[in-house]
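Look at the structure first, then work through the questions in order.

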Amino acid sequence: MSEFALQLLYTFDGTLRLATPLILCAMAGIFSERSGVIDISLEGKLLTGAFVAAAVAHTSGSPWLGVLAAIAASVTMAMIHGFACITHRGNQVVSGLAINILASGLTVTIGIAFFKQGGQTPLLGKAERFGPNEWWFVDLFNHVPILGTIYRELISGHNVLVYLALLAVPLTAFILYKTRFGLRLRAVGEVPAAVDSAGVSVTWLRYRALILAGVFCGVAGAYLSTGQGAGFVREMSAGKGYIALAAVIFGNWRPVPALLACFLFGFLESASSRLEGVPLPLIGEVPTQLMLALPYIMTVLLLAGFIGKASPPRAIGEPYIK
Amino acid sequence: MSAVTPPLPRWADVFLLPLINLLVALSICGVIILIIGENPWTALVVMLKGAFVFPGSLGYTLYYTTNFIFTGLAVAVAFHAMMFNIGGEGQAYVGGLGAGLIGVWLAPSLPLLIALPLAVLMAGLFGAIWGIIPGYLQAKRGSHIVITTIMFNFIAASLMVWLLAGPLMELGQMSPRTPSIAESSELVKMKSILAFFGVETARSPLNLSFVIALIVSFGVWVLIWKTKFGYEIRTVGQNAEAAHYAGINVSKIVIWTLAISGGLAGLMSINEVLGVQHRVILNFTAGYGFTGIAVALMGRNHPVGIFFASLLFGALYQGGAELDFEFKSITREMVLLIQGMIILFSGALAYMFNPPLARLLAKFIKPKENADV
């Protein structure tokens, strides 16, 4: 393989790893927003999940217990969001913002109290985190030109959460489009009154949507601290929840297009670190900051209708009053 | 609602409810401190001392207060038009660029009487530009203001990193920051002003921007409640459709409200750039823009309320810093927790305590309307 192709392959490999938390959070966002609840608290749930996963994985020695605890913590955050904006019909944006700020404060405060390392968790050992999974026949395929290298570098060798994230997309699509629950969930985000008059509880549907959002964000958080990283670092979500939200919008609140948006945003991040200081043909050196800001810029342009058209769920942001 | 809730008396809405929200937020944090294994009462005393008692502490508290007045007013003005400007952080950051450009590169060749006002004006103007774009996109292109302003925060952060570590970076420096501003564009310290009048005070970063913040607060009060434009803003906020039928140009109001809101957030940067750091540094906004949301919610979008809410948050920030010195296991991040709780209780859960409180008060106070019936 030529040097360029190999570089490209590594960039794609990085894309997959960087897109994983975005994909999980985007699916979370789709569940919540399709049910009519704005979810800017993806960021806070992600951060909470990351902290709890690392803390529990370190204390118990099991990364899987870490994931479960992260899910529990993230769902708890989602339930606070639900309590405020479903039960008490509060402003969904304000509530989401509160969750994000609470998560920032809580993770560091509890982290310092527990581990006394300035808000970090201790570095996780090999057994306490998710290591890479070698797939079958890597050695056998290694001799096959091109495909063998792609198989070894891109498809095999990730940790289990990466594959889970990829599975989350068909799962989300299945729940949304092929189950009765999914049908009702989509309906409640469009015309909640119709769902209500059919005798289905709007409140309980939205709560279930938020629980699902919490589950996915919890896994995403666990990936950050026990899959991609080896421990929790303060503010480690670093805006990924917001990028995922951008991907949801970019994907027009649909699972597969959102997945593609996550890949695109992951690719930009992956490429920006490889292209730092490297002049490109025709355009010259591209500032990394510009590449990192592109997801946000593109989302603004999309929302403004300059590239394509965003069509959010109709009842989004409106508390349902019987 | 099952039972008809009596209306909450105004004094309860303005004083009692925020107080209850604050107490609940503080109590939950107290419980968390207990769980951590420290004494919440001692923590509170340390914070109060750190905010008001130690020499210079009041100056620091008021210095933080200044930031929150600006960002709180920014959120409040937009709230009056029912616009949620979550982008104060980015608007303040870009505002700092405006102040810095004048201060560093133009002020050396200008006299003080022109340099300083120009730098302050540019801080507001740059912030306004960063606010007017989302405002325009909301009004004319139907973009959701919340999402756009969130995205603009990140775009501002990227832009500023690029500028501060690139074209605008001080030569021979490793940290991303601009050269220092000319003396003619510095905002004078309150200590010097007070010393001029013969009052000796301890050293603190408090500077003239505090006074500017108070003047601007008064200006906002006049704008919102005493001008036609302010009336139109509130009308659009109450009912955009009715405003439209009454002949108000809703898009125009939305765009200009966001410009003013962004400008107010931009002015926050004068405290940091012209008053304290004397240069533009990385992340000088430090979350003050987001705190503005808590301030506006608590201050009920009124300049007087915003002043007291800013004072509260100023005290929390300064007192919170004191926690770092006094305790091993609680730090200033505790303040973020309090802030989150306050946004939750006085924002998202604003109506949780309202009906029970109204019913409770109705039992004790006979409303006048009842006497008439």
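Predicted model: local features only at pLDDT ≥ 70, side-chain atom pairs only at ≥ 80, totals over all residues.

Q: How many residues does chain B give to its contact with chain A?
A: The contact draws on both chains, and a residue takes part if it has heavy atoms within 4.5 Å of the other chain. Chain A gives 41 residues. The number from chain B is 39.

Q: What share of the area that chain B and chain A bury between them is on carbon and sulfur atoms?
A: The two chains bury about 3500 Å² between them. The part of that area on carbon and sulfur atoms is 82%.

Q: Which residue of chain B forms the salt bridge across the interface?
A: The rule finds 1 salt bridge across the interface of chain B and chain A. On the chain A side the partner is Arg234(A), and the closest N and O atoms are 2.3 Å apart. The partner on chain B is Glu333(B).

Q: How many residues on the side of chain B that touches chain A are nonpolar?
A: Several helices of chain B supply at least two residues each to this side, namely H1 (10-36), H5 (112-141), H6 (145-165), H12 (288-298) and H14 (333-348). The residues of this side include 9 polar and 3 charged ones. The nonpolar residues number 27.

Q: What distance separates the end C-alpha atoms of helix H12 of chain A?
A: Helix H12 of chain A covers residues 255-274, which is 20 residues. At 1.5 Å a residue it should span 28 Å, and the model agrees with this. The end C-alpha atoms are therefore separated by 28 Å.

Q: Which helices of chain A are among those that cover the buried residues of H12(A)?
A: The buried residues of H12(A) include Leu259(A), Cys262(A), Phe265(A) and Leu268(A). What covers the buried residues of H12(A) includes these helices of chain A: H1 (3-34), H7 (160-178), H11 (240-250) and H13 (288-303).

Q: How many of the 19 residues of H2(A) are buried?
A: Helix H2 of chain A runs over residues 42-60 and reaches 26 Å from its first C-alpha to its last, close to the 27 Å expected. H2(A) is largely enclosed by the rest of the structure, because most of its residues fall under the 20% cut-off for buried. The number of buried residues is 15.

Q: Which residue has its C-alpha atom 6.9 Å from that of Gly61(A)?
A: Gly61(A) follows H2(A) and has a positive phi, near 85°. Gly61(A) lies in the loop between H2 and helix H3 (63-87) of chain A, and it touches Val56(A), Ala127(A) and Glu128(A). The residue in question is 66 residues away along the chain, and it is Ala127(A).

Q: Which residue forms a salt bridge with Asp39(A)?
A: The structure holds 9 salt bridges over all chains. In the one with Asp39(A), the closest N and O atoms are 2.7 Å apart, and both partners are buried. The partner is Lys45(A).

Q: What is the relative accessibility of Arg177(B)?
A: Arg177(B) forms a salt bridge with Glu170(B), with the closest N and O atoms 3.2 Å apart. Glu170(B) counts as buried because its relative accessibility is 18%. Arg177(B) counts as partly exposed, and its value is 21%.

Q: What is the relative accessible area of Asp324(B)?
A: Asp324(B) forms a salt bridge with Arg332(B), and the closest N and O atoms are 3.3 Å apart. Arg332(B) is partly exposed, with a relative accessible area of 41%. Asp324(B) is also partly exposed, and its relative accessible area is 31%.

Q: Is Arg203(B) buried or exposed?
A: Arg203(B) is found in the loop between helix H7 (190-196) and helix H8 (209-226) of chain B. It touches Gly56(B), Tyr60(B) and Lys191(B), leaving aside residues up to four places away in sequence. Its relative accessible area is 71%, which is over the 50% cut-off, so Arg203(B) is exposed.

Technical notes:
Residues numbered from 1 in each chain as written. Chains lettered and ligands numbered in written order. Heavy atoms only, no water. Buried area = accessible area lost by both parts, 1.4 Å probe. Salt bridge = Lys/Arg side-chain N within 4 Å of Asp/Glu carboxyl O. Helix = DSSP H or I, 4+ residues; strand = E, 2+ residues; numbered from the N terminus. Nonpolar A, V, L, I, M, F, W, Y, C, P; charged D, E, K, R; others polar. Expected span 1.5 Å × (residues − 1). Buried < 20%, exposed > 50% of the residue type's maximum accessible area, 1.4 Å probe, protein only.
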